[in-house]
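The following note is intended for a colleague meeting this structure for the first time.

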Amino acid sequence: LALTVATTGGNASSPILYGFMFEDINHSGDGGIHGQLLRNNGFQGTNPGLTAWGAVGAVTLAVDTAHPLTTALPRVLRVTVPSGATGQVGFSNAGYWGIPVKKDTYACYFWVEGTYSGAVTVKLTSAAAGGTVFGSKVVNIVSVSTKWTYYETTFTATAAPNGNNIFVVTFDAAKVAGGSIYFNLPQLFPVTYHTRYNGLNPDIAGVLENIGGSFLRFPGGNNLEGATVASRWKWNETIGPVETRPGRQGDWGYANTDALGLLEYLYWSEDMGLIPILGVWAGLSLGGGVVTGAALQPYIQDALNEIEYVIGATTTTYGALRASHGRAAPFNLKHVEIGNEDFLSGGLASYAARFTAFHDAIKAKYPGLIIISSTDQGLPNPKPAGMWIDIHYYLTPDQFVARFNTYDNYDRKYGIFVGEYACTKSNTGATNPWPTLVGAVAEAVFMIGIERNSDVVKMAAYAPLMQHLNSTQWTPDLIGYTSDPSLLTLSTSYYVQQMFSVNRGTTILPVTSDTKFGPAYWVASRNDSTGTYYVKMANYGATAVSTTVRIAGATSGTVTTLTGPGSNSINMPKNALVLPVTTAITGSGGSFTLTLPAWSVVVVAVK
Ligand code: AHR
């Protein structure tokens, strides 16, 4: 294969081409990227029971509704101590299938009600009976029966050998014997990403940041929509102090605490240098019908209020509310998406009208915002000028390769957002538990097609992003983890995303070749500020391809190669993982010689 990259001409590439789609699925939020480590800590969702809680000593635990912490959190933990009891008793929380315990400083918050004066001990231990204590702290409290009292503390811990750990709270049984004491909303955080209060898990946020994305679409995905209209994601119930957030039964079979709420998504975007792409609820619920016509008006107003919370001046009602939550400056919101996959669940017939109603109301108040439809189906005719269109692809590797040229002759009047895509199945139709190398190469072929057309394709995001391996509703995902930080696993698709994101040019350059596309595919670009040329290539075939890349004036740089055999999964020994390998490359008279191994993704970066 001989490629010659032109050093003039070409099209401007979208500066925000690669980024992230996030929703709470697979415990990607609670138990994932959100930093709080205790599960079911506010008894939210439809049927929380005592999931994750355990008695310590001879006490009885129950979910109590006679002592609400707030109207948002009516259920609390009752700890009943038998008469005559002595010694230390209390409760434990097992976190999200264990607690990652690192050498770190942990912040711990909890609420207590009931008559008690004296020491309460909080600690992190292994789950085994009489288990190793990794860190603890004694907090002297004065609790009364007439109101809830809030406590905060910090303590240091040493690293645990695995994730099989619990959080334990104990107190002096003799002081409560024959009675009960109540606890709610214990929270436990490691030092968070960017040390934010109520912030992100730094390990998971860190690997996400390393991809080098440009945007964050949130909060869904299906998790925006609700099983019913009443159980939709409600932005105004995800803001303010966490004890005022009721949480909800999420759309992926588990309770969402909503401690990772609208403001936290916006801080996440800002801290990671991502542009927020805000999905607003647009009348469609997954199983509870569609709101249309005049009945939609309150929800349109709700979306306007939400946008005002994000970008309104502090003189506005919701801008002032944001300021009261500690954030006076508006966020950098430029894109709003109307719903999610509105062609599903009976939404198609009404989407044109619903989209138009949201679009027109938002544009009337915020003309500078770009409005994105959640599908390319059922759109108004004609479509409003300047709108963008979100299209999703969950396909086999061969199907992705067949869509390489999807955008070559596409209507350039409207921006495209490939808001979700992934190789979900093998070519034989088997569902992939983890991204495979062949699938990752096929995604790269599709992404090359996107990048070649990144004048019209403005953004693209792999989905879903991550999975807790103890509670997975959707595979494959980019990142997998458990409560043991050493098992954090980055898939082959993760590395393709990273290779494409960090090696981005500003201008897509014409390329001439001696061969047609397939099995090798390519795209070339240049960063016009730094002068670096990027040539991304994928070999979707079982035979290596000897390649020459000619770029006049370029002398040296690097070549990064991702190739097999195999694919990454949590069970693989670390030394067998498929990782990108970067080596130096030197040209001769602007000509670079390299090999595209079988089933590989290769990026040349030279100047
Ligand atoms: O990414 C998983 C799901 O796929 C999303 O929630 C939904 O938008 C799509 O159907």
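**Notes on the predicted model**

1. Some conventions apply throughout. Residues are numbered from 1 along each chain as its sequence is written. The model is predicted: local features need pLDDT of at least 70, side-chain atom pairs count only at pLDDT 80 or more, and totals for chains, interfaces and linings use all residues.

2. The UniProt record, an unreviewed entry, places the feature "domain: Alpha-L-arabinofuranosidase C-terminal" at residues 419–600. UniProt positions are given in the numbering used here, feature names are shortened, and annotations may be inferred rather than shown by experiment. Over residues 419–600 the chain is 15% helix and 37% strand, with its end C-alpha atoms 25 Å apart. Helices (H or I, at least four residues) and strands (E, at least two) are DSSP runs, numbered from the N terminus.

3. Helix 8 covers residues 437–452, and its end C-alpha atoms are 22 Å apart, in agreement with the 22 Å that its 16 residues should span at 1.5 Å a residue. The expected span is 1.5 Å times one less than the number of residues. Because 16 of the 16 residues of helix 8 are buried, the helix is largely enclosed by the rest of the structure. A residue is buried if 20 or more other C-beta atoms lie within 10 Å of its own, exposed if 12 or fewer, and partly exposed in between, with C-beta atoms placed from the backbone.

4. Helix 3 (residues 262–271) is mostly covered, with eight of its ten residues buried. These are Leu262, Leu263, Glu264, Tyr265, Leu266, Tyr267, Trp268 and Ser269. They pack against strand 14 (215–218), strand 17 (275–280) and helix 4 (297–311). Just after helix 3, Gly273 adopts a positive phi of about 70 degrees.

5. Phe215 belongs to strand 14. Why does Phe215 count as buried? The reason is that Phe215 has 25 C-beta neighbours inside 10 Å. Apart from neighbours within four places in sequence, Phe215 is in contact with Ile16, Gly19, Phe20, Leu274, Ile275, Ile277 and Met459; contact requires C-beta atoms, placed from the backbone, within 7 Å.

6. Helix 6 (residues 348–365) has 18 residues and reaches 26 Å from its first C-alpha to its last, close to the 26 Å expected at 1.5 Å a residue. Its buried residues include Ser350, Tyr351, Arg354 and Phe355. The buried residues of helix 6 pack against strand 17, helix 4, strand 18 (335–338) and strand 19 (370–373).

7. Strand 18 pairs with strand 17 in the parallel sense over four bridges, and four bridges also join strand 18 to strand 19, again running parallel. Two strands pair if DSSP finds at least two bridges between them. Leu278 stands opposite Val336 in strand 18, while His335 has Ile370 in strand 19 as its bridge partner. In a regular strand the side chains alternate between the two faces of the sheet. In strand 18, His335 and Glu337 point one way and Val336 and Ile338 the other way, and all are buried.

8. An open sheet is formed by seven strands in the order 2-26-28-29-34-31-32, with antiparallel pairing. Its edge strands are strand 2 (11–12) and strand 32, each of which pairs on one side only. Strand 31 (residues 556–563) and strand 32 run antiparallel and are joined by six bridges. Val559 stands opposite Thr583 in strand 32, and the bridge partner of Thr561 in that strand is Val581. Strand 32 (residues 581–586) lies largely in the open, because the number of its six residues that are buried is zero.

9. Leu594 lies in strand 33 (residues 591–596). With 19 C-beta neighbours inside 10 Å, Leu594 counts as partly exposed. The C-alpha atoms of Leu594 and Ser546, 48 residues apart along the chain, are separated by 6.2 Å. Leaving aside neighbours within four places in sequence, the contacts of Leu594 are Thr547, Val559, Ile585, Val602 and Val604.

Definitions and conventions:
Contact = placed C-beta atoms within 7 Å.
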